[in-house]
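Please open the model in your viewer and keep the selection tool at hand. The stops below go one by one, each with something to select.

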Amino acid sequence: MNTSDAIHGASRRLHRLPRLAWWHLKRAWLRFETAIFTRARYSEPKMRWMGALGVFGFPTYYFVWAKLLPQPYESLGLRLFGSLLFLPLMLVSFWPNRLRAWLPLYWYLGMTFALPFFFSYMLLQNGATVAWLLSHLISVFLMVMLFDMGSFIVTGLIGTLLAVVAYALAPAQPLAAAALLAYSPVWAFAIISGSVFSISHSMSNQARIDAIIAATNNIAHELRTPLASVRIATQAVDRFLPLLADSHRKAVEAQLAVPELRESQLGRLSKAMETIGREVEHANTVIDMLLVAARPIGSLQVENISARDCLYEAMERYPFGSQHERSRVAVGVADDFSFSGSRLLLVHALFNLIKNALFHTGRAGKGSIVLSVHADEGGQRVVCHDSGPGIPPDVLPHIFERFYSSATDYSTGLGVGLSFVRMALERMGATIICRSTFGEFTEFTIVFPELMRRDN
């Protein structure tokens, strides 16, 4: 390599650094957004009660700290603001669908005000009295219970810094440095306890993943053996059925005493064998889908693959429940392209998209499905479009999260299918995007990095 090539290579790497940094920042933000959404969704059944606690608790404790057990500082205006802030949470069941996408953000806004900001601000303004030291400690443990470690640190830092700024602008009492210094080891212990709790939560998630993998492996082991026996028996009947029919025909022609066997009965028997064989293939394919989706994605055997061939293979191998179900899925291949990746992973990713589209259009009683391949100005992509019920706007940003599954979610089962699709495609350098309008359509687009165009 000469000097100019080395300089050119270094220049390209430098130009890639901002994009790489932006990518890492975006991924970090998405992880944080996923965490706050997941915790908010799990907290949703209790939001009404938390909202009611805030609405009535703020003014009630004003009476306690201002009248019954007077403290150096109180603020009725701040407490009334907190009550108003928590009122929408108390009425969360009345939120319209178009606003529910903002519910997690509003939840964290309310909790950031109520826990780190309010308690830190009142602690400083009251000169770190014993009552407010204990109250602040309780707020820390409440945050540990409500948030994961990342959200706990972010919301805690934001709320505490805002409280410090607000206190510095208008201090009611001198800063109680000695009391705060003595309190700091207790506060640090609370934070460390929170980190241990967060680690335990992550370990329980991993244990859940391991349990799913173990369960699917056991299911595969227990089902594949009888399925293989059924397949062998079906093949044997298929092989000897024409011979038996021919022998019966010759016996009738020879006027031997044999039971009557009509051609229609033979046809039904042959069709039954075909049905059994098809159902065995169906069951084996479903087992494959479960195993591939639940297992961690290991090292890929990378090869150059045609997107069109993968699409046709997915359509050929997918275990449609009936001819009517098969007729609801159309294929349109205007172009073709090659990509470097795993045929198995892409085929099973398409299986998941087909399965979800069939399930939701079937449940809604409307909608057709179109699978297509494109290689044009819009890039190299495979598209799965259905004109079914669409995805609610509060669910759409989170359908690829592992274990995310609810009555309004677009994934089915345990919430691992679409998570697997995203992981599999990312391992091949591809990305998946979902667009949807609730009540109208859903469209998944798999975008591949460009390698080379293949003509039809």
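Predicted model: local features only at pLDDT ≥ 70, side-chain atom pairs only at ≥ 80, totals over all residues.

Residues are numbered from 1 along each chain as its sequence is written, and side-chain values use heavy atoms, with hydrogens and water left out.

Colour the chain by pLDDT, the predictor's confidence in each residue, from 0 to 100; the chain mean is 78, and 71% of the residues reach 70 or more. Select residues 406-414 next, where pLDDT is below 50 and the model has 31 contacts (heavy atoms within 4.5 Å) beyond near neighbours in sequence.

Now move to helix H4 (residues 130-146) and pick out serine 139. Is this serine 139 buried or exposed? Serine 139 is buried (under 20% relative accessible area), at 2%, and, leaving aside residues up to four places away in sequence, touches Leu115 and Phe119.

Finally, select helix H8 (residues 307-317), whose buried residues are Ala307, Arg308, Cys310, Leu311, Ala314 and Met315. These lie on the same side of H8, because they cover an arc of only 165° around the axis, taken from the directions from the helix axis to the C-beta atoms. At the start of H8, look for a side-chain oxygen of serine 306, which comes within 3.3 Å of the backbone nitrogen of arginine 308.

Note on methods: Helix = DSSP H or I, 4+ residues; strand = E, 2+ residues; numbered from the N terminus. Buried < 20%, exposed > 50% of the residue type's maximum accessible area, 1.4 Å probe, protein only. Polar contact = N/O pair within 3.5 Å; in protein donor to acceptor, adjacent residues only side chain to side chain.
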